[in-house]
Amino acid sequence: MIALRVTGSTGDYRSGDEIWCQTLDTSDVAQALNRDILVPRPAGRFLFGRLIFIDGDMLHILPPGAGNRQQVVAHPVWIAVATRLVRTL
């Protein structure tokens, strides 16, 4: 599992939230459609957002928050699906 900590409120997530993600094999990407995912980008960066479309090996991801543009990731090394949200009271 991979965990993220939200540092600034965006979309449905608040500052301080922890999002736990379960890694998937890239052949199982279809089960992540319409769910929030985390994928690696070049140079040690990551992209988190809703998987809205799959075109072969290209993933179309919509980052959380209003007005964001979709991003396309080609041939991701791995995919992690958000499975748990931990929010302190």
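Let's start with His75: in this predicted model its relative accessibility is 57%, so His75 counts as exposed, the cut-off for that being over 50%. You'll find His75 in the loop between strand E6, residues 71-74, and strand E7, residues 79-86. Have a look at its backbone too: phi is positive, about 50°, although His75 is not a glycine. As a reminder, most residues other than glycine have a negative phi.

With 77% relative accessibility, Ala43 counts as exposed.

Okay, now the strands themselves. What order do they take in the sheet? It's an open sheet of seven strands, running E1-E2-E7-E3-E4-E5-E6, with antiparallel pairing. At the edges sit strand E1, residues 2-5, and E6, each pairing on one side only. From one strand to the next, the twist averages 45°.

Let's zoom in on the E6 end. Strand E5, residues 58-62, pairs with E6 in the antiparallel sense, over four bridges.

Last stop, the surface. Which residues form a nonpolar patch there? They are Ile52, Phe53 and Leu62, and together they have about 240 Å² of accessible area. Phe53 lies in strand E4, residues 46-55. Its relative accessible area is 44%, so Phe53 is partly exposed, falling between the 20% and 50% cut-offs.

That's my tour, thanks everyone!

Conventions. Residues numbered from 1 in each chain as written. Predicted model: local features only at pLDDT ≥ 70, side-chain atom pairs only at ≥ 80, totals over all residues. Heavy atoms only, no water. Patch = residues over 30% accessible without salt bridge, like charges linked within 9 Å, V, L, I, M, F, W, Y side chains within 5 Å. Areas by Shrake-Rupley, 256 points an atom, 1.4 Å probe, with all protein chains shown as cover. Salt bridge = Lys/Arg side-chain N within 4 Å of Asp/Glu carboxyl O. Helix = DSSP H or I, 4+ residues; strand = E, 2+ residues; numbered from the N terminus. Buried < 20%, exposed > 50% of the residue type's maximum accessible area, 1.4 Å probe, protein only. Pairing = 2+ DSSP bridges. Axes fitted to C-alpha atoms, helices over the stretch in contact; angles between N-to-C directions.
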